[in-house]
Amino acid sequence: MVLTVGGSDCSGGSGVQADLKTLLALRVYGASAVTTVGVQNTRAAATLYAVPAEVLAGQLTAVLDDLPVLAVKTGLFPSADAVAVVTGRARSGGLPNLVVDPVLPDEGQGVSRRAVAAALDRLLPYALVATPNRDEASALLGWQVATPGDMARAAEELAARGPKCVVVTGGDLVTGTEALDAVWAGGEFRYMSAPRVAARNTRGSGDVFATAVAARLALGDGLLDALAFAKGLVARAISDAAGWRLGVGRGPLDVFGWSAG
Ligand SMILES: Nc1ncnc2c1ncn2[C@@H]1O[C@H](COP(=O)(O)OP(=O)(O)O)[C@@H](O)[C@H]1O
Ligand SMILES: Cc1ncc(COP(=O)(O)OP(=O)(O)O)c(N)n1
């Protein structure tokens with residue numbers, strides 16, 4: 001089973017809702033610890049209502065002290081304090097196969113994006129895998145990650161901070177026909193590529209990708225196999241959702257493959 005730690009997206013397209021659906025699609029039991037409640041939909045960015053740090057800590061204890069968690073995935077945190085709760089558990093060795101998707105909140109409403117990024121930097125040493133997109137990698141590193149070459153350099157620099165593997169995802173990088181991710185794993189670099197799907201429904205693609213990695217690790221895959229599986233799943237799920245009209249904005253992925261029949 002996998003524990004996902006992240007924000008609630010009431011519209012169901014990202015956050016813990018996307019994670020739990022992805023786990024279900026992969027026949028992996030999922031538990032969740034909610035860091036923040038997002039009021040959001042396909043049109044509007046989230047207004048976040050943080051769950052108190054002690055409630056987050058209580059959720060982690062309730063799940064980890066009882067259930068056989070084989071991998072943990074983290075997503076959106078509303079504050080540095082919330083990240084610190086998870087880092088505390090990680091430090092005591094309690095978070096197996098930790099996949100950190102360093103989703104950053106928007107600045108404002110008392111939220112400091114910079115403080116959350118700094119706190120995530122302290123969680124990274126405990127991660128087996130980190131999966132920042134270009135924007136998140138830029139915030140963590142303090143320089144602009146723009147080109148595929150930058151993504152490669154960013155993956156290596158972030159790996160030097162502790163994770164065994166870093167995938168800098170390039171979902172928003174339109175440079176041709178491929179959706180390109182930069183992977184640093186086991187001291188070696190490679191690009192991971194799949195045909196770019198021309199689709200508007202890509203909400204939660206980072207969540208689906210990172211959760212699929214955690215799920216496959218929990219099922220016993222090696223690291224590179226888990227990454228390859230997740231890459232294929234996310235491309236297929238974006239493609240299958242291409243005809244969906246769930247909300248007027250950027251809609252969710254078809255993780256179950258319903259459209260494919
Ligand atoms: N249009 C697309 N076609 C195929 N793969 C995509 C597309 N958009 C994103 N991906 C893939 O989805 C995964 C998540 O990447 P990304 O969208 O960058 O994450 P995030 O949602 O965190 O910004 C990556 O493997 C990326 O290459
Ligand atoms: C609650 C919540 N909202 C938004 C996100 C971001 O999801 P992600 O997959 O990283 O990015 P998009 O593809 O939706 O831009 C989240 N993780 N949690």
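The legends below describe several views of a predicted model.

Residues are numbered from 1 along each chain as its sequence is written, while chains are lettered from A and ligands numbered from 1 in the order in which they are written. In this predicted model, local features need pLDDT of at least 70 and side-chain atom pairs count only at pLDDT 80 or more, whereas totals for chains, interfaces and linings use all residues.

View 1. The secondary structure comes to eight helices and nine strands, where helices (H or I, at least four residues) and strands (E, at least two) are DSSP runs numbered from the N terminus. The UniProt record, an unreviewed entry, places the feature "domain: Pyridoxamine kinase/Phosphomethylpyrimidine kinase" at residues 9-253, a stretch that is 40% helix and 18% strand and whose end C-alpha atoms are 14 Å apart. UniProt positions follow the numbering used here, feature names are shortened, and annotations may be inferred rather than shown by experiment.

View 2. Of the 19 residues around ligand 1 (C-beta atom, placed from the backbone, within 6 Å of it), Asn133, Thr169, Gly171, Ala179 and Gly206 come nearest. Strand β8 (178-185) and helices α7 and α8 (223-240) each supply at least two residues of this shell, with the largest share, four residues, coming from α8. By class the shell has eight nonpolar, seven polar and four charged residues, where Ala, Val, Leu, Ile, Met, Phe, Trp, Tyr, Cys and Pro count as nonpolar, Asp, Glu, Lys and Arg as charged, and the others, Gly among them, as polar.

**View 3. The surroundings of ligand 2.** Ligand 2 is surrounded by 16 residues, of which Gly7, Ser14, Gly15, Gly206 and Asp207 are the closest. The elements that give two or more residues to this shell are β1 (2-9) and α7 (205-218), and by class the shell has three nonpolar, 10 polar and three charged residues.

**View 4. The largest nonpolar core.** This core has 76 residues, and Val99, Leu123, Ala127, Ala155, Val213 and Ala214 have the most contacts inside it; a nonpolar core is a set of buried Ala, Val, Leu, Ile, Met, Phe, Trp, Tyr and Cys residues joined through C-beta atoms within 7 Å. Its largest share, nine residues, comes from α7. Leaving aside neighbours within four places in sequence, leucine 123 is in contact (C-beta atoms, placed from the backbone, within 7 Å) with Val83, Val86, Thr87, Ala90 and Val100.

**View 5. Two loop residues with positive phi.** Arginine 27, in the loop between α1 (15-25) and β2 (30-39), has phi near 60°, and asparagine 97, in the loop between α3 (80-91) and β5 (98-100), has phi near 45°. Arginine 27 is exposed, with 8 other C-beta atoms within 10 Å, whereas asparagine 97 is buried, with 21; a residue is buried if 20 or more other C-beta atoms, placed from the backbone, lie within 10 Å of its own, exposed if 12 or fewer, and partly exposed in between.

Technical notes. Two residues are in contact if their C-beta atoms, placed from the backbone, lie within 7 Å.
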